[in-house]
Amino acid sequence: MDDLFTQLVWLFWDLPQPYRVILMVFLGSWAGLLVHELGHAFVARALGIRLWSVTLGYGPKLVNRDIGGCRVQLGILPLQGAVSLHDEDARALGYVNVDQPDWSFHWQAGSSWRAPMISAAGAIANFWAAAAINLYWFLMPQLTQPMFGLFLVCCMVNVLMFLNLAPIRGLDGWRLIAQAGAWRRRASGI
Amino acid sequence: MPGSPLTRIAAAWAGIAALVLGLTLGRRAMVLELASLVVVLGSALIFTVTLADAIRGWLERRWAALAPLAVLLAAIPGIQGVRLADTALSDRRFQPHFAELETTVDRLGVPPGETIRLSPEDLPESVKVCCYRAFARRDGDERAWAVFQVRREVAYLYDPSGQAMRGKLSRRWSRQDPVAPNWYRLAR
């Protein structure tokens with residue numbers, strides 16, 4: 001195992017510098033994307049919400065199969081990801097037309113509190129991941145050079161993915177704003 | 001094992017995290033570093049899930065809802081525990097050879113102000129397997145001291161005059177713990 005790993009490291013060092021950087025960014029982006037989407041998915045499951053599908057990656061599909069009633073699709077490039085909730089459970093949370101671009105959210109007493117937690121879970125998982133990497137750097141001995149590069153890229157990608165909480169259409173922050181607006185409307189009886 | 005499925009997952013993950021990170025603390029191997037990256041990222045993910053579960057269960061179960069989170073956080077003292085066990089194991093493997101190594105170093109006759117790298121032939125048969133680098137040095141009229149490196153991050157210093165850690169060695173090794181008379185465990 002160690003020999004195989006050493007050979008892989010030698011192959012890595014034989015690559016020209018730009019390719020090494022691209023490989024690091026590729027691996028780091030996958031790590032960030034996995035933490036983000038699985039953060040949404042696992043928190044939804046922990047809160048008792050069924051998942052319709054989990055899409056990880058963009059481009060040609062490497063994996064497209066049903067795992068425990070959830071369609072899992074795995075693309076090659078770590079450029080996008082999505083977690084779709086079961087229609088019935090999404091409606092119970094307060095979503096209307098959840099799979100359409102013009103979706104809306106109406107606060108339902110007793111169940112909608114889970115929606116913002118699921119929306120924020122991805123970015124929060126990224127935040128904890130970046131924090132955990134920093135803690136690791138603080139406590140651990142010096143890392144070997146290629147691994148330090150990989151840790152650094154993972155940390156940067158996770159910090160960038162935390163910015164998903166920005167209130168921009170298409171990002172998680174936009175959903176949170178919609179959910180906060182729905183809660184406020186309900187609280188003020190509008 | 002009692003507890004909810006999430007508690008069992010958190011317990012299993014905490015065990016893996018303590019083992020991998022505890023071993024990585026004492027070594028510098030790329031396989032362990034890669035495993036520790038996976039563990040660090042996975043821990044962040046499981047921490048998020050246990051936190052969400054604790055918030056969900058707080059109204060119904062109160063303190064019991066914090067069980068998965070507490071079990072996961074037990075990995076932090078667990079890392080230190082594994083590290084201590086790993087160090088104790090290393091000491092136990094090396095300690096029986098101290099007397100033999102002292103004789104070897106004293107017999108070398110290192111000239112004052114010089115450093116001699118010990119070849120595997122100079123070391124006792126039983127030490128060769130666990131020590132991959134060794135050197136001896138003599139400063140002035142003091143007795144010779146020697147360093148036996150057992151891992152990249154751990155070495156044993158034989159220093160009968162107590163002078164060795166005043167020089168370059170103290171910059172290279174940040175920790176020095178006595179393990180026997182004239183013997184110290186060095187760690188970065």
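**Close-up views of a predicted two-letter chain set: legends****View 1. Salt bridge between R61(B) and D53(B).** In this predicted model, R61(B) pairs with D53(B) in a salt bridge whose closest N and O atoms are 3.9 Å apart; a salt bridge here is a side-chain nitrogen of Lys or Arg within 4 Å of a carboxyl oxygen of Asp or Glu. R61(B) is partly exposed, with a relative accessible area of 37%, whereas D53(B) is buried, with a relative accessible area of 8%. Buried stands for under 20% relative accessible area, exposed for over 50%, and partly exposed for values in between, with a 1.4 Å probe and protein chains only. Over all chains, the structure holds 8 salt bridges.

**View 1. Salt bridge between R50(A) and D89(A).** The closest N and O atoms of the salt bridge between R50(A) and D89(A) are 3.0 Å apart. R50(A) lies in the loop between α2 (17–46) and β1 (51–67) of chain A and D89(A) lies in helix α3 (residues 87–93) of chain A, so the pair ties together parts that are 39 residues apart in sequence. Helices (H or I, at least four residues) and strands (E, at least two) are DSSP runs, numbered from the N terminus. R50(A) is partly exposed at a relative accessible area of 35%, while D89(A), at 11% relative accessibility, counts as buried.

View 2. The side chains of D177(B) and R175(B) meet in a salt bridge, with 3.2 Å from N to O. D177(B) is partly exposed, with a relative accessible area of 22%, and R175(B), at 38% relative accessibility, also counts as partly exposed. Salt bridges that share partners join D91(B), R175(B), D177(B) and R185(B) into one network.

**View 3. Positive surface patch on chain B.** R117(B), R133(B), R152(B), K168(B), R171(B) and R172(B) form a positive surface patch; patches are made of residues with over 30% relative accessible area and no salt bridge, like charges being joined within 9 Å and nonpolar side chains (Val, Leu, Ile, Met, Phe, Trp, Tyr) within 5 Å. Lys and Arg count as positive and Asp and Glu as negative, while His and the chain ends are not counted. Helix α7 (residues 168–172) of chain B gives the most to this patch, with 3 residues. K168(B) is found in helix α7 of chain B and is exposed, with a relative accessible area of 68%.

**View 4. Surroundings of L163(A) within chain A.** L163(A) lies in the loop between α5 (145–162) and α6 (172–187) of chain A and is exposed, with a relative accessible area of 52%. Although L163(A) and A123(A) are 40 residues apart in sequence, their C-alpha atoms are 7.3 Å apart in space. For orientation, chain A has 6 helices and 4 strands, which follow the pattern α-α-β-β-α-β-β-α-α-α along the sequence, and buried residues make up 41% of its 190 residues.

**Conventions.** Residues are numbered from 1 along each chain as its sequence is written, and chains are lettered from A and ligands numbered from 1 in the order in which they are written. Local features need pLDDT of at least 70 and side-chain atom pairs count only at pLDDT 80 or more, whereas totals for chains, interfaces and linings use all residues, and side-chain values use heavy atoms, with hydrogens and water left out.

Conventions:
Areas by Shrake-Rupley, 256 points an atom, 1.4 Å probe, with all protein chains shown as cover. Charge placed at Lys NZ, Arg CZ, Asp CG, Glu CD.
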